[in-house]
Structures are given as structure tokens and as C-alpha cells.
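Have the viewer open as you read.

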Amino acid sequence: DPVQYAHDYRRYATMVKRTDPAAELVAVGDNRNRRDWNLRVLETLRDHLGLIQHLSIHRYWSSGTALASSEEAYYNLQYGAQHVDADIREARRVIDYFTGTANGRHKIGIAFDEWGVWHADARIGSRYEAPSTWRDALAAAAALDVFHSHCDAVTMANLAQIVNVLQPLVQTDGDTVHVTPTGELFALYAAHRGATAVRAVVEACPQRDMPASQGEPVWSTTYPG
């Protein structure tokens with residue numbers, strides 16, 4: 001329950017802050033399963049917002065198996081970044097309501113602490129491992145661009161995972177290790193850390209009708225079992 005969670009968070013956060021006032025604390029948010037969770041948590045803590053430095057949300061998306069090669073599967077997978085953007089905008093609206101400059105409140109950042117592609121074949125039986133492709137890397141690039149466009153609000157963005165599982169940066173095979181396409185992508189972006197984000201606006205571009213681009217794509221609302 002979000003209200004009970006908020007009360008428990010305040011108790012523990014108060015003790016942590018007494019031990020280490022500089023500690024940065026992350027309150028657990030939700031962006032799909034409980035749409036009112038963030039609102040109710042922050043509303044309950046509205047007089048104690050100084051205990052929260054970040055609010056966490058996460059998003060996984062998929063479109064069939066890791067090696068699905070149809071145009072529909074491709075466009076569904078690339079739609080994931082649109083979900084990430086919508087998640088951030090929704091979280092920002094709730095946070096801004098309680099921490100607006102008019103209220104003189106401090107900033108609460110968005111910790112997008114889990115995100116990435118989770119294919120249907122990454123299950124317990126496969127140790128949550130699946131082939132990693134350039135299609136996955138392109139989906140990650142779109143998500144990174146979304147995070148950059150919200151760099152004034154997103155304070156953390158953690159790809160899940162780093163090694164072998166889901167959409168990793170490296171994969172191992174016995175005593176050998178290789179960098180995945182997503183790992184290569186991160187190497188490209190790493191050179192731009194600390195740079196200034198320049199906002200780009202697309203006024204018009206060619207469009208192509210695709211069945212997969214209409215409406216909600218295929219994606220997972222819960223952790224795949």
C-alpha cells in the first residue's frame with residue numbers, strides 16, 4: 001500500500017539521515033502497475049520531502065524473441081523509447097506538483113534505475129539470457145536519447161543488466177568475454193559524458209504507415225516469469 005510504504009519510508013529515512021545527513025535516498029515509485037502510487041506516496045510525504053532525493057521508476061519492453069526479424073517486431077521494439085519518454089513525463093508531472101518552485105521545495109530527481117529490452121526467450125530456463133543484436137542496441141540508443149532530453153530531471157539511468165542477463169554490455173562463454181552491440185553503443189556514448197545537451201526539434205519528416213506503429217505495441221507489463 002503506498003500510504004503504508006510512505007510512512008515506513010519516513011521512519012527509515014529519518015534514521016538514515018540522522019546517521020548520515022549527506023546520504024541520498026531513493027523512494028520506490030511505480031509507473032505501470034499502480035498509476036496512483038507516485039501521487040499517493042508523495043502526497044503522504046508532502047511535509048517530509050526533504051527525505052527524498054530521487055524517485056525510482058523502471059521499464060522493460062520486448063517484441064517477441066531476441067532474433068525475431070519481421071518488420072512488425074522491429075518497429076514494436078523501437079517503440080520502447082516512447083514508453084520511456086511517457087514514463088518520465090508522468091513522473092515529472094507528479095513530482096513538479098509537490099516540488100514546484102512556487103512551493104519553495106527542493107528537487108527530487110527521477111532514478112530510472114532499471115530499463116532495457118527483455119525478450120520473450122530470456123526466461124528462467126535460459127538463466128534470463130538471450131542473443132544480443134544491433135536491433136537491441138538501436139532500441140537502447142533511442143532510450144539514451146530520451147534520457148538526454150530529460151537530463152534536467154533524470155538523475156540516474158541504469159541499464160539492466162551488465163553481464164549476460166537480459167540486455168547486457170558483455171557476454172561470457174566459459175573463459176571468454178565479448179562486448180555486445182549494446183556494449184559497443186555505450187562505448188560510443190561514453191565519449192560524450194559531461195557534455196552539454198542540445199535540444200533538437202523535428203518539425204517535419206517523412207512518415208510510413210506500419211501496423212506495428214499504430215496503438216500500443218507488444219510489451220511486458222510485469223517481470224516475465
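Which residues of the largest nonpolar core touch the most other members? Before the answer, a word on the ground rules: this is a predicted model, in which local features need pLDDT of at least 70, side-chain atom pairs count only at pLDDT 80 or more, and totals for chains, interfaces and linings use all residues. Residues are numbered from 1 along each chain as its sequence is written, and side-chain values use heavy atoms, leaving out hydrogens and water.

The answer is Y9, L42, I52, W61, I88, W115 and F147, out of 42 residues in that core. A nonpolar core here is a set of buried Ala, Val, Leu, Ile, Met, Phe, Trp, Tyr and Cys residues joined through side-chain atoms within 4.5 Å; buried means under 20% relative accessible area, exposed over 50% and partly exposed in between, with a 1.4 Å probe and protein chains only. Helix α5 (134-149) is among the elements that supply at least two residues each, and α5 gives the most, with eight. Helices are DSSP runs of H or I with at least four residues, strands runs of E with at least two, numbered from the N terminus.

Now look at I88. Beyond four places in sequence, I88 touches I57, I110, F112, V146, F147, H150 and V154, where contact means heavy atoms within 4.5 Å. V146 and H150 are also in contact with D85, again leaving aside neighbours within four places. D85 sits in helix α4 (residues 80-99) and is buried, because its relative accessible area is 18%.

Finally, find A140 in helix α5. A140 counts as buried because its relative accessibility is 0%, and A140 touches W115, Q167, T182 and L185, not counting residues up to four places away.
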